[in-house]
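This report describes selected helices and their packing. The sequence and the structure are shown first.

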Amino acid sequence: MALTEQQRALVAAILERDDTVPEWDWPWDIDRSRDLTYGGYPLKATGERWESRAAHRLRGHASNQEFEHPTWLTADEIAALGGESIPGALSVEVESQGRVTTAYNVAEVRDLPEGLYRPFWEIHPVNPDHRHPGFERYVRSLDTEIAHRVDRPTGRTVAEYREIPNRIIMPPFELFFSAHDYYRTLSHELIHWAAANTNLVETILFSETADYARHELVSEFGTAFLIAEQGLSDVPHPRNVAYVRHWRDKGALSDTEVIHAAEDAARVAAWLCHEAPAWRVPRGESYRRTPPDNQGPRHSPSHRHHRTDVSHLEAASTARRFVADAHTLERSVSGLDRDAWDREAALLLETARTIDLKIPAVAVAIEAAVAIETPLGSPPLSATAWFDAFRERTNRIRTMRAMTKSADNMSTSASRGPRFS
């Protein structure tokens, strides 16, 4: 799939080498893990922290009882708020402000105001921003499960897509540094989800760093495209740039491979934006396929990207080399002598007959290689259109050169004049 002009501009902005872009860092507060273990650092009804000695005792009790709430109240506070401790509730004796008192975790108290049952990160959020209603509605329209969680014993958080059981794991919104950081991270995982639940990206076994790096680039380019499509931002975030740079360098990916990843990303983002909201996957399947006829919108045969076997990958590699050789031939039209150029052109035209554009990986490889050589303001070319133009242009030059050669021969013969024995 050829990139749109806006997508090409985004890719160019991301790939531009800019030494002012910092190294990639986490878009959420990973240093909060100490505050978030075992339900979170113990808090009072006001949201203030308990003193360190009392907090140590309360946290130990929370660990033993596996409480998930950080708030602890005294018996007087529970009575004043109209709450009631459940039968068998255990109090903890602590010292606070110079006097001994007993405290109960809100997990063992009912009928309290709803706000007292909030998790630690909601009471003390990092993120100062509000949620984006439009993007939230869009995400709810997708047939995917998104679990926001913090590991209770360690307080650590992750953002990842898990193919089994087909679920996205995200840190809570409140732990991100901004709303954009949250939606960018969620979009990255949504691209992973879409790629795994359809056949829009070549299957990779992740046997090499380059394979893994290319998939990470697909997700990060797809993130930029999805964010722009949903109207959140049409300018790459510095973290987009840093993330792409990190994985491009780690995988030692060429320009062609990077553009190839962007082409895949455009295909996945287009599906995610326009088809996924009405698409459903049968539950319980261990392997996800492109939706069959009775499951809503699907890809037409011309856009469906099936799993690519080894022979298809080899064919794609041959196609990329062919495009590079064709561009070299065009640049050497005035450099090589006529006969040498004609021989190279004949060989390339013969090779062109062996390239199968019906193989999706081949078509994508050609479009990616062509995109590198195409000026930014030019419209993208499909593989078929480029091939037709290459044949027409090469045959025209060969015809003109043959006519010139014939005219030169006639001129040479005439200049010699008649010869008599």
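## Helix H10

In this predicted model, helix H10 spans residues 255-274 and has 20 residues. From its first C-alpha to its last, H10 reaches 29 Å, close to the 28 Å expected at 1.5 Å a residue.

Of the 20 residues of H10, 15 are buried, so the helix is largely enclosed by the rest of the structure. Two of the helices that pack against H10 are H8 and H7.

## Packing of H8 against H10

Two packed helices are described by the angle between their axes and the distance between the axes. For helix H8 (residues 209-229) and H10, the angle is about 45° and the axes are 7 Å apart. The crossing of H8 past H10 is right-handed.

On the H8 side, the contact is made by Arg-214, Leu-217, Val-218, Phe-221, Gly-222, Phe-225, Leu-226 and Glu-229. On the H10 side, the residues involved are Val-258, Ala-261, Ala-262, Asp-264, Ala-265, Ala-266, Ala-269, Leu-272, Cys-273 and His-274.

## Packing of H7 against H10

The axes of H7 and H10 come within 10 Å and cross at roughly 95°. The two helices are therefore roughly perpendicular to each other. From H7, the residues Leu-190, Ile-191, Trp-193, Ala-194 and Ala-195 take part in the contact. They meet Val-268, Ala-269, Trp-271 and Leu-272 of H10. Ala-269 and Leu-272 of H10 are also listed in the contact with H8.

## Ser-187 in H7

Helix H7 covers residues 179-197 and includes Ser-187. The relative accessible area of Ser-187 is 0%, and the residue is buried; the cut-off for buried is under 20%.

Leaving aside residues up to four places away in sequence, Ser-187 touches Phe-135, Thr-223, Leu-226 and Ile-227. Among these, Leu-226 belongs to H8 and takes part in the contact with H10.

## Buried side of H1

Helix H1 comprises residues 5-15, and its buried residues include Gln-7, Arg-8, Leu-10, Val-11 and Ile-14. These residues cover an arc of only 160° around the axis, which puts them on the same side of H1.

## The chain as a whole

The protein chain contains 14 helices and eight strands. Of its 421 residues, 45% are buried. Among contacts between residues at least 6 apart in sequence, 74% join residues at least 24 apart.

Note on methods. Residues numbered from 1 in each chain as written. Predicted model: local features only at pLDDT ≥ 70, side-chain atom pairs only at ≥ 80, totals over all residues. Heavy atoms only, no water. Helix = DSSP H or I, 4+ residues; strand = E, 2+ residues; numbered from the N terminus. Expected span 1.5 Å × (residues − 1). Buried < 20%, exposed > 50% of the residue type's maximum accessible area, 1.4 Å probe, protein only. Arc of directions from axis to C-beta. Axes fitted to C-alpha atoms, helices over the stretch in contact; angles between N-to-C directions. Left-handed = near helix turned anticlockwise from the far one by under 90°. Contact = heavy atoms within 4.5 Å. Parallel < 35°, antiparallel > 145°, perpendicular 65-115°, else oblique.
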